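Opening the notebook on a new model. I'll start with the fold, then go through the charged pairs.

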Amino acid sequence: TKFLQRALGVDDDGVLGPKTLAVLQNENPRDVMRQTSLEQLNYERRLAEQNPERKKFLPGLENRIRNRLAIFGKV
């Protein structure tokens with residue numbers, strides 16, 4: 001939910017409440033999926049910078065995001 005909220009530009013409180021849903025209604029689903037995926041990837045990259053042990057997980061995550069984006073169109 002926080003990745004979605006960041007993609008939408010609303011407070012990322014982790015609650016999928018009325019404010020988030022109201023903004024979401026006016027957005028293109030493909031654009032939201034793309035931006036949410038990028039938010040997730042950027043977050044994981046930041047974590048890997050802080051903890052190099054996490055870097056081994058980045059290729060799998062990037063693969064899943066590439067697969068997701070293949071469905072919704074490239075960024």
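In what order do the elements of the protein chain run from the N terminus on? I read them off as α-α-α-α. I count four helices and zero strands, with helices (H or I, at least four residues) and strands (E, at least two) taken as DSSP runs numbered from the N terminus.

Ground rules: this is a predicted model, where local features need pLDDT of at least 70, side-chain atom pairs count only at pLDDT 80 or more, and totals for chains, interfaces and linings use all residues. Numbering starts from 1 along each chain as its sequence is written, and side-chain values use heavy atoms, leaving out hydrogens and water.

Overall box: I get roughly 40 × 25 × 15 Å for the C-alpha atoms, along the principal axes. Of the 75 residues, 24% are buried (under 20% relative accessible area; exposed is over 50%, partly exposed in between, 1.4 Å probe, protein chains only).

Salt bridges next (a side-chain nitrogen of Lys or Arg within 4 Å of a carboxyl oxygen of Asp or Glu). I find four.

Arg34 pairs with Asp31, closest N and O atoms 2.6 Å apart. Both sit in helix H3 (residues 29–50), three residues apart, so about one helical turn separates them. Arg34 is buried at 18%, while Asp31 is partly exposed at 39%.

Arg54 pairs with Glu44 at 2.7 Å. This one links distant parts of the chain: Arg54 is in the loop between H3 and helix H4 (58–72), Glu44 in helix H3, 10 residues apart.

Glu62 pairs with Arg45 at 3.0 Å. Glu62 lies in helix H4 and Arg45 in helix H3, so the bridge ties together parts 17 residues apart in sequence.
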